Amino acid sequence: MKQFKNLNKIYNPKDFEKKLYQYWEKHGYFKENNSNKNNYCIIMPPPNITGNLHIGHALQQTIMDILIRFQRMQGKNTLWQPGMDHAGIATQILIEKKILKEKKHNLNHTYTKKEFLKKTWQWKKTSHSIISNQIKRLGSSVNWDKERFTMDKKSSQAVKKAFLTLYKHNLIYQGTKIVHWDTKLQTAISDLETEHKNTQGTLWYLQYPIYPINTNNALDYVVVATTRPETIFGDTGIAINPKDTRYKKLTGKFVKLPLIDRIIPIIKDSSINMNQGTGCVKITPAHDFNDYKIGIKNNLPIVNIFTKNGKIRKKPEIFQKDTNTQNYQQISYKIPKIFHNLDRFAARKLVIKQLKTLGLIKKSQKNNTTVPYSSKTNTIVEPMITKQWYIRISKLANTAIKVVQENKIQFIPEKYRKIYFHWMHNIQDWCISRQLWWGHKLPIWYDNQNKIYAGYNERYIRKKYNLSQTTTLHQENDVLDTWFSSGLWTFSSLGWPQNTKTFKKFHPTDIIVSGFDIIFFWIARMIMLTTYLLKNKHNKETIPFKQVYITGIIKDANGEKMSKSKGNIIDPVDIIDGISLKELIKKHNKNINTQHNQDIKKSIQTNFPNGIQAYGADTLRLTLTSLTSKHHNIRWDMKKLTGYKNFCNKLWNASKFVLINTHNQDYKALNETNKKFSKTDLWIITKLNKTIKKIHNALNHYRFDLATEILYEFTWHQFCDWYIEFAKFTIKYEKPQKISGTKHTLITTLEKLLRLLHPIIPFITEKIWQKTKTILNIPKKTIMLQPFPIYNKNQEHKSEYEDIEWIKKNISAIRTVRSEMHIKNTVPLELFIQNTTYKIKKRITENLNYIKKLAKLKNIILLKPQEKGPKSSIIKLIENTELFIPIKNILNKNIETQKINKQIRNIQQKIDNISNKLNQTHFSKKAPKKIIEQEKTKLTLYQKQIKKFLKQKKILFDL
């Protein structure tokens, strides 16, 4: 018994999870082997260094670890390549906030770029430690020796190589175009960093006088509707639909722009919606994406009126169709001095005030509109004309579409394939430059005449272009979009551009696990860059991965998106190790603005009134895998954790029973003469064999939820409940040969089950397996290098399986009667069986003791064909066999009926109260949706309960 002292009486994952991970890592079990065959590789989506992993990351980590462990146990040479992302914009914001918080001064007055970058690298070190610890606590079996960072030296080499190749092939160019502009960060941002919010604003109807004034005109002004009156200084045209008969006479006319008297044309454009607003649209090409298209198409001047920080310029920038800057002094585009340097929203108020004074506002009205915000700074995004670097994307996109069409890359679930195609067929050139300090600097240099040179470094450029030292060169200040380096990740993390052994072995990779929200921003870009930059020996495109598994997005219990400002983000380590309410509030408030603290505190107190108890990594992993499905949104439910911790506890206790009862058996010496398998042994062997087949099918089809469900059902209900119950009977009452057979089956079934469970719950299975391997004399040192169980047709015992399944139904039927009629287990019942075939009789007689003991029966009587079952019996039907359970002398019919009537009255009162509440107009309109749903759920529950009691009452009545 001493050898099992480490398997504690109570399941407590804190006792062994960290130690086991250290054991795995120390012995190098996560590393790939030297084999060149059966290679399997997953590249970890690199977590951003800006913050901790959340529950959504934990889902992806769990899925990847299941796949890696599953493939490793099938003998594959596996590599799970880890790494982290520098997250350009997000990291720059984070460091700026930290500096301002520490110094209480403006960033530019306090820190140089060199100092800023030094502090950023320091943060990277701290963040890396936190994130890598989270990954380890989740049990992720990654090869830490190969860990990479998107801004390490090797990645920098890969980025330069990729950029210069594309530039050489004329696929990278510099252009002046309209972009999303963050006025706080003063940088271009991508669509991914732009969040559209529904906002209530004001729609102003402005009058633009027609020029020149002509008394023959039906109108002396046109009315335009706008939510952004401050952009009036950038208007260069008024557009109408050519089919709009209201404005037929305005063809070829002009209007005089209020406040600045600029004359702008009235143009026709079929894209104008005649039914929206007045049908007349002011065109401001420099500050609206749709207007920009119309301006370019109609050769209108493009007038930028804003500075980079969102203030009104003293002198506007003027661009024409070819996007070359013109001399604004040659054209009258002056902006009144009173508006100079005004913030765009202050300018809006002043514009409205002056237009009202001039009588040029016809009306205004409240308006619900969608406004783009920077998701990083929460400022309203300003469309802006700026000079940026772009990738000509169509050539890359065509190949990326082709490899998916040809099924070289498969999307799981398949529905995301259509979404991918939709995005790719509507793709625009990719803006890859950002005006930041943190990131990969573009490998571009300029001389004093602004001539462009591309190269790895200044020395390389001087040599390549034969430039003397007297020629001054300065490097481009812009950095590359984070997604550029991330787009190279599957091959740069494996060593490219060097042709390393790791790269040759593992690229293309097998699968990428990602979220729906970055299919276009990351998945598509990886496919485009890989297929263009990497060619095989036949000069054909190479894919980055063979499959794309898209996970759902985890939302909170109310179906809301998780965010720091709501206080509903969950750190997976808090679930694994537990955290008090006080520490939870402190942790959430750490990086949030003070004005949100009280709201966050209230939210946390509501959701986690007692903090979070320690559940362990295996419980979290089980819960996460149970929630994976084909659905886009996953609603998180903390209550599910309790159920899966109970599962781990059930496995722990069942394992203790097996180990205690098998530790003194020499299984190596056992042979057919000193052991004999019972029907129940052969049944569980068959049941496990069928389960193995189902698990392979579920995991091979990425149905992690089904795999969890299958394993849960077999482990809890078949092995822990039924088989152990059968085994207890055998060990207590049967002969030595059968006892040996059952003990052999107990330990071998447990060992195989642990291997089956290991990819999903690695810690508890390793801990228990270390005990089973000693008993079974297995020389291997870890379960993760053991073979994953495979289906064996020789372990199908059909006859015994069918017999025990029938007996289980029989016992369950009797147990159901006890439960429904509230008959205690201490009260023995009689069982009469009718319509029995020879096969059924044989089943009953061969397993009579099992049935009597487990169903708590004092007698089983097989009725003859002409005999009738006793009256006052509850009848259950199993296939064609009738079971009669007499209860006349066991229950007092009148007393039990009175009890049931009382229960029915109490429940009916609750049903009436809830129904009245839901029918009240005041409640249904004013109550929160969550409360209404809770009341409906309770109503459904009570209705089910009352049906159950009515059924019991009928049974009693019929006795």
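This is a predicted model: local features need pLDDT of at least 70, side-chain atom pairs count only at pLDDT 80 or more; totals for chains, interfaces and linings use all residues.
Helices, of at least four residues, are DSSP runs of H or I, numbered from the N terminus.

**Helix α1**

- Helix α1 spans residues 17-26, and its buried residues are Glu17, Leu20, Tyr21 and Trp24.
- These residues lie on the same side of α1, because the arc they cover around the axis is only 100°.
- Exposed residues Lys19, Gln22 and Lys26 are carried on the face of α1 turned away from its buried side.
- The packing partners of the buried α1 residues are α2 (55-73), α5 (113-137), α16 (572-577), α19 (617-627) and α24 (762-775).

**Nonpolar cores**

- The largest nonpolar core contains 142 residues, of which Ile575, Leu620, Trp636 and Phe719 touch the most other members.
- Helix α22 (residues 704-733) contributes the most to this core, giving 14 residues.
- When residues up to four places away in sequence are not counted, leucine 620 touches Ile55, Leu138, Pro572, Ile575, Ile576, Trp636 and Leu641.
- Another core, of 62 residues, lies apart from the largest one; Ile43, Leu79, Leu480 and Leu533 are among its residues.

**Cis peptide bonds**

- Most peptide bonds are trans, and most residues other than glycine have a negative phi.
- Tryptophan 496 and proline 497 are joined by a cis peptide bond, with omega about 15°.
- Proline 497 is placed in the loop between α13 (489-492) and α14 (501-506).
- A cis bond also runs from histidine 507 to proline 508, where omega is near 5°.
- Proline 508 belongs to the loop between α14 and β25 (509-515).

**Positive phi at asparagine**

- Asparagine 539 is not a glycine, yet has a positive phi of about 60°.
- The loop that holds asparagine 539 is the one between α15 (519-533) and β26 (545-551).
- Asparagine 539 is exposed, because its relative accessible area is 58% and the exposed class begins over 50%.
- Asparagine 777, likewise not a glycine, has a positive phi of about 60°.
- The loop between α24 and α25 (798-821) is where asparagine 777 is found.
- Asparagine 777 counts as partly exposed, because its relative accessibility is 46%.

**Cysteines**

- With a disulfide taken as a pair of cysteine sulfur atoms within 2.5 Å, the count is zero disulfides.
- Cysteine 41 has a relative accessible area of 1% and is therefore buried.
- Cysteine 431, at 14% relative accessibility, also counts as buried, because the buried class covers values under 20%.

**Lysine 153**

- Lysine 153 lies in helix α6, which covers residues 153-168.
- Lysine 153 counts as exposed, because its relative accessibility is 78%.
- Between the C-alpha atoms of lysine 153 and isoleucine 352 the separation is 54 Å, and the two residues are 199 residues apart along the chain.

Methods
Residues are numbered from 1 along each chain as its sequence is written. Side-chain values use heavy atoms; hydrogens and water are left out. Buried means under 20% relative accessible area, exposed over 50%, partly exposed in between (1.4 Å probe, protein chains only). Helices (H or I, at least four residues) and strands (E, at least two) are DSSP runs, numbered from the N terminus. The arc is that of the directions from the helix axis to the C-beta atoms. Contact means heavy atoms within 4.5 Å. A nonpolar core is a set of buried Ala, Val, Leu, Ile, Met, Phe, Trp, Tyr and Cys residues joined through side-chain atoms within 4.5 Å.
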